[in-house]
Amino acid sequence: MALSTHTTTSGFILPSIHSAPPFFTEQPHPNTRSIATEQWIRLILSYARHKKLFVLKVEDADDADSDWAEILRNERINPTMVGKGQAAYEPPKQTRSCLVHWRLPEEWAEVLYDWVISTGQLNVILTFLDITEPEIESALSGIPIPLLRKAIAILGKTGRSQMIVIGDGEGVRFLPRAK
């Protein structure tokens, strides 16, 4: 069988390695296993970005109707990606579901801050809903709250955000960069 790329129904182009049966089995040789793992990680991160997916669950490998069905058939990827910081178990203290970091939390923090500046919302108190479901779709539309919290916390460490308790919930104020 010749290895070739394949375009999925969603328009994602699968790399040729995806058509190799060994790609779907654990490789015994450490170097080969390392290369295959890196290939899986790149594939998952690219696909997540393509489909704007944030959550990956172990069940997705077995579910023919899952958002990941076009590419995923390897249950060993979550621990490896978590170990490399490219995913985080969500909720914490379980190993069946993780947030895929096709952008790292630090990158999301910069995307968030740039969005706040571009929309003129410095010093404005925003709810999480204002950010995740803005009137005009943005790169932050649909971002999971746990990932948004991480991005806000990163900005807080640099003095660019401040969590605020409002009514029966939380909000955040974004502050100008310190000079």
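This is a predicted model: local features need pLDDT of at least 70, side-chain atom pairs count only at pLDDT 80 or more; totals for chains, interfaces and linings use all residues.
I took local features only at pLDDT of at least 70 and side-chain atom pairs only at pLDDT 80 or more, while totals for chains, interfaces and linings use all residues. Residues are numbered from 1 along each chain as its sequence is written, and side-chain values use heavy atoms, without hydrogens and water.

**Helix H1.** I took helices (H or I, at least four residues) and strands (E, at least two) as DSSP runs, numbered from the N terminus. H1 covers residues 30–51. I checked its length against 1.5 Å times one less than its number of residues. Just after H1, lysine 52 has a positive phi of about 55°.

I then looked up burial: buried is under 20% relative accessible area, exposed over 50%, partly exposed in between (1.4 Å probe, protein chains only). Buried residues in H1 include Trp40, Ile44 and Tyr47. Serine 46 also sits in H1, but is partly exposed because its relative accessibility is 40%.

**Core.** I looked for nonpolar cores, meaning sets of buried Ala, Val, Leu, Ile, Met, Phe, Trp, Tyr and Cys residues joined through side-chain atoms within 4.5 Å. The largest has 43 residues. Ile44, Trp68 and Val100 are among those touching the most other members. H1 gives the most to this core, 7 residues. Domain 1 (6–99) and domain 2 (105–174) each supply at least three; the bounds come from an automatic or database domain assignment.

Which residues does valine 100 contact, beyond four places in sequence? I counted heavy atoms within 4.5 Å as contact. Valine 100 meets Ile44, Leu45, Ala48, Phe54, Leu56, Trp68, Met81, Gln86 and Ala87.

**Salt bridges.** I searched for a side-chain nitrogen of Lys or Arg within 4 Å of a carboxyl oxygen of Asp or Glu. The whole structure holds 4 salt bridges.

- Glutamate 59 pairs with arginine 96 at 2.6 Å, N to O. The two lie in loops, 37 residues apart.
- Arginine 160 pairs with glutamate 110 at 2.8 Å, N to O. Arginine 160 is in the loop between H5 and strand S7 and glutamate 110 in helix H3, so parts 50 residues apart in sequence are tied together. Arginine 160 is buried at 8%, while glutamate 110 is partly exposed at 30%.
- Glutamate 170 pairs with arginine 149, closest N and O atoms 2.4 Å apart. This pair joins strand S8 to helix H5.
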